[in-house]
Amino acid sequence: MARKQFDLIVFDWDGTLMDSTATIVRCIQAAARDLGLPVPRDDKAAHVIGLGLHEAMQAVLPDIDPTWYPRMVERYRYHFLSRDHELVLFPGVRDMLQELSQEGYFLAVATGKSRVGLNRAMNDVKVLSLFDATRCADETFSKPHPAMLQELTRELGQDMRRTVMIGDTSHDLLMANNAGAAGVAVQYGAHPVEQLTACNPVYSAATVAELHQWLSENA
């Protein structure tokens, strides 16, 4: 059966598949508190989710001495690793991924997480076997640079014009725009709807169920 629009479906991880936004925000704030640095507000901390870890720390505290950033990363990792085993997929995500995989789509992840962090998370929630390829921020350029999508399509032999990037942040959608892929927004993650809408996604889903239905009918 011919596909309607897409052969390759690429997902962001945190805030899109995994319910981790609030935990990431708290860990960024805890890292700053540990070091006696200004503690960013919730919305500021949420805005940098999706970036590579070093880029995220620079973006969330742009006015501090740069020598603090490696220590911010270290403290963030300390706090996140003490809690990441508690994190779960959003309800409905596993069924959606299994259905898409069974229907023969290529599935991939493009994330601001590190390779070690993504592998831990995927193993913990037992979805590693559902994905054909993954890219992490410590392996290539951070979002919104198009490199992750360029590398995934090249690795899997796919056409960028038949690739869709699904994410909860403007970083995800701008990466899709920069790469020439379609972008789909999910509204239940880190960035407010108006920021997502400004990136001109082809669809914006309020829930995982809406996303699942749209993919079933349009992908």
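Analyst: Val109 stands opposite Thr134 in strand E3. The model is predicted, with local features needing pLDDT of at least 70 and side-chain atom pairs pLDDT 80 or more, while totals for chains, interfaces and linings use all residues. Numbering starts from 1 along each chain as its sequence is written, and side-chain values use heavy atoms, without hydrogens and water.

Strand E2 (residues 106-111) and E3 run parallel and are joined by four bridges; strands pair if DSSP finds at least two bridges between them. Helices (H or I, at least four residues) and strands (E, at least two) are DSSP runs, numbered from the N terminus. From E2 the chain passes through helix H6 (residues 115-124) to E3, in a right-handed β-α-β crossover (clockwise from the first strand over the helix to the second, with the strands pointing away from the viewer). Strand E3 (residues 133-136) is covered on both faces: Ala133 and Arg135 are buried on one side, Thr134 and Cys136 on the other. Buried means under 20% relative accessible area, with a 1.4 Å probe and protein chains only.

Helix H10 also has buried residues: Val208, Leu211, His212, Trp214 and Leu215. These span an arc of only 165 degrees around the axis, so they lie on the same side of H10; the arc is taken from the directions from the helix axis to the C-beta atoms. The buried residues of H10 pack against E1, H5, strand E4 (163-167), E5 and strand E6 (203-205), where contact means heavy atoms within 4.5 Å.

There are four aromatic pairs in the structure. Rings of Phe, Tyr and Trp (its six-membered ring) pair if their centres lie within 6.5 Å; planes under 30 degrees apart are stacked, over 60 edge-to-face and the rest tilted. One of the pairs, Phe6 with Trp214, is tilted, at 6.5 Å centre to centre and 40 degrees between the planes. Phe6 lies in the segment before strand E1 (8-11) and Trp214 in helix H10 (residues 208-218), 208 residues apart. Both Phe6 and Trp214 are buried. Phe90 and Tyr188 form an edge-to-face pair, at 4.7 Å centre to centre and 65 degrees between the planes. Phe90 is in the loop between helix H4 (69-81) and helix H5 (93-102), and Tyr188 in the loop between strand E5 (182-186) and helix H9 (193-197), so this pair ties together parts 98 residues apart in sequence. Phe90 counts as buried because its relative accessibility is 11%. Ring pairs also link Phe6, Tyr203 and Trp214 into a cluster.

Notes
Buried < 20%, exposed > 50% of the residue type's maximum accessible area, 1.4 Å probe, protein only.
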